[in-house]
Amino acid sequence: MNRQDFPILEREVYKRPLIYFDNAATTQKPRCVVDAIDEMYYHVNANVHRGIHFLSQRATDLHEGAREKVRQFINARTTAEVVFTRGTTESLNLIAASFAQAFLKAGDEVVLTVMEHHSDIVPWQFVRDRYGIILKVIPMDDAGHLDLEAYRTMLTEKTRLVCCCHVSNVLGTVNPVKEMARMAHDAGARFLVDGAQSVPHFKVDVQELDCDFLVFSGHKIYGPTGIGVMYGKEELLEQMPPYQGGGEMISRVTFERTTYERLPYKFEAGTPDYVGSHALGVALDYVAEIGIGRIAAHEQELTCYAMQRMREIEGMRFFGEAREKTSVVAFNVGDIHPMDLGTLLDRLGVAIRTGHHCAQPLMARCGVEGMARASFALYNTKEEVDAFVAALQRVVRMF
Ligand code: 7TS
């Protein structure tokens, strides 16, 4: 659907039509998003918030308008809860640093899952090493379902926070975060949702999930690189200290003492990426116009179709066959190295990702060094899946 909006999809690689199946890494951008960036630099550019002049006010309106669009998109209560960051990784580092300072002490526990992206592991290891907290890891079964019974037993009076990807970037598993958040809250803990792989693919409503934090990246939802979101409940953010100091985040500075700006600016030091935020707002409008439900249905159908077709290939092994799964298909074929698969598919015009997918603990759980991964977006088609499977068959025959 809407392929014509994505100029890059018309290009060829190695004189073959491009089949772009690396959408979990980043999506392509529709013309309206690229035009918004152009428009911003050609006709609006000025630093936000500080200026009284025309352009600065216009830029500020667009930047703050984008914040309101994000608020609506995830159904946050107020824009005070929507903090712009560079992306999921920065959002997670912000939360880890600030939440730890406000709430964690030696012996406290933070729960992660075995399928977390490195971005939701390493910042917590920094915190562990600095504060002496304990990290616990929820295991999963072979199909890629988290073990909720094990999770239940992990929640203690020392648990302060649970961090869980809404959708695994490798397995595609949709984790039951609403239920898991309720369990965390019952134990007196907070709940963080890494929405990097969910927000682009189906409706995510922070009030419905009742999560305390939600993070995601603009570039995975047809927006530009370098912009992302950290949502946090207002009462929680009020209690957390700033992450970085500098311009924008202050109320008053003397050499003795600084007071901070109100939310969300307290967490936004320095000139924000107002070009990126505006373009992200345009991307969210674009998704809303098509309808996130329609996108979800299309991608679901494509994923089922792809797995059904891929099963025809001898030696096909899938990683991640959860009951609820989105548009990510990780696989290996026989003992062919995933890197060889990826390299040869690339020569046939098919872009997939291979390697550890920034989830090495999950690779260890699955007993492999790496995997190949195809991931879909709204513009992918069954014809592309057919061409991908044909290319895969050709590659497999070579071995
Ligand atoms: N969390 C999840 C679940 C992700 O999939 C990713 C990126 C991140 C965090 C980090 O996002 P970033 O925008 O800050 O980099 N995942 C991938 C991927 O699967 N392939 O490339 C990047």
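This is a predicted model: local features need pLDDT of at least 70, side-chain atom pairs count only at pLDDT 80 or more; totals for chains, interfaces and linings use all residues.

Visitor: Fine. Where does the largest pocket lie relative to the domains?

Guide: It lies between domain 1 (3–29 + 291–398) and domain 2 (33–288), because both give residues to its lining.

Visitor: What volume does the largest pocket have?

Guide: The space in the largest pocket is about 360 Å³.

Visitor: How many residues line the largest pocket, and which lie nearest its centre?

Guide: The lining has 24 residues, and Ala 24, His 117, Asn 169, Gln 197 and Lys 220 are the ones nearest the centre.

Visitor: And how does the lining of the largest pocket divide into nonpolar, polar and charged?

Guide: There are 12 polar residues, 7 nonpolar and 5 charged in that lining.

Visitor: OK, next one down. What is the volume of the second largest pocket?

Guide: The second largest pocket comes to about 250 Å³. Its lining is made of 17 residues, with Phe 84, Thr 85, Arg 86, Glu 90 and Ala 269 nearest the centre.

Visitor: Which elements supply at least two residues of that lining?

Guide: Strand E4 (82–85) and helix H3 (88–103) each do. E4 gives the largest share, 3 residues.

Visitor: What about the classes in the lining of the second largest pocket?

Guide: That lining holds 8 nonpolar residues, 5 polar and 4 charged.

Visitor: H3 came up there. Which way does H3 run against helix H4, parallel or antiparallel?

Guide: The axes of H3 and H4 (residues 122–131) cross at roughly 25° and come within 9 Å. An angle under 35 degrees counts as roughly parallel, so H3 is roughly parallel to H4. The crossing of H3 over H4 is right-handed.

Visitor: Switching to H1. At what angle do H1 and H2 pack?

Guide: Helix H1 (residues 31–44) packs with helix H2 (residues 54–74) at an angle of about 160°, and their axes are 11 Å apart. The two are therefore roughly antiparallel to each other.

Visitor: Is the crossing of H1 and H2 left-handed or right-handed?

Guide: H1 passes H2 in a left-handed crossing.

Visitor: And how far apart are the axes of H1 and H9?

Guide: For H1 and helix H9 (residues 274–290), the axes are 9 Å apart and the packing angle is about 150°. That again makes H1 roughly antiparallel to its partner, here H9. The crossing of H1 and H9 is right-handed.

Visitor: Now the backbone. Which peptide bond is cis?

Guide: The bond from Leu 263 to Pro 264 is cis, with omega near 0°. Pro 264 sits in the loop between strand E12 (258–260) and H9.

Visitor: And what is phi of Asn 75?

Guide: Phi of Asn 75 is near 60°, a positive value in a residue other than glycine. Asn 75 belongs to the loop between H2 and E4.

Visitor: Why single those two out?

Guide: Most peptide bonds are trans, and most residues other than glycine have a negative phi.

Terms used: Residues are numbered from 1 along each chain as its sequence is written. Side-chain values use heavy atoms; hydrogens and water are left out. On a 1 Å grid over the protein atoms alone, a cavity is a set of points where a 1.4 Å probe fits but cannot get out, and a pocket is an open set with protein on both sides within 12 Å along at least five of seven lines; lining residues have an atom within 4 Å of a point. Grid points are joined across faces, edges and corners, and a volume is the space filled by probe spheres set on the points. Ala, Val, Leu, Ile, Met, Phe, Trp, Tyr, Cys and Pro count as nonpolar, Asp, Glu, Lys and Arg as charged, and the others, Gly among them, as polar. Domain bounds come from an automatic or database domain assignment. Helices (H or I, at least four residues) and strands (E, at least two) are DSSP runs, numbered from the N terminus. Axes are lines fitted to C-alpha atoms, for helices over the stretch in contact, and angles run from 0 to 180 degrees between N-to-C directions. Angles under 35 degrees count as roughly parallel, over 145 as roughly antiparallel, 65 to 115 as roughly perpendicular and the rest as oblique. A crossing is left-handed if the near helix is turned anticlockwise from the far one by less than a right angle, and right-handed if clockwise.
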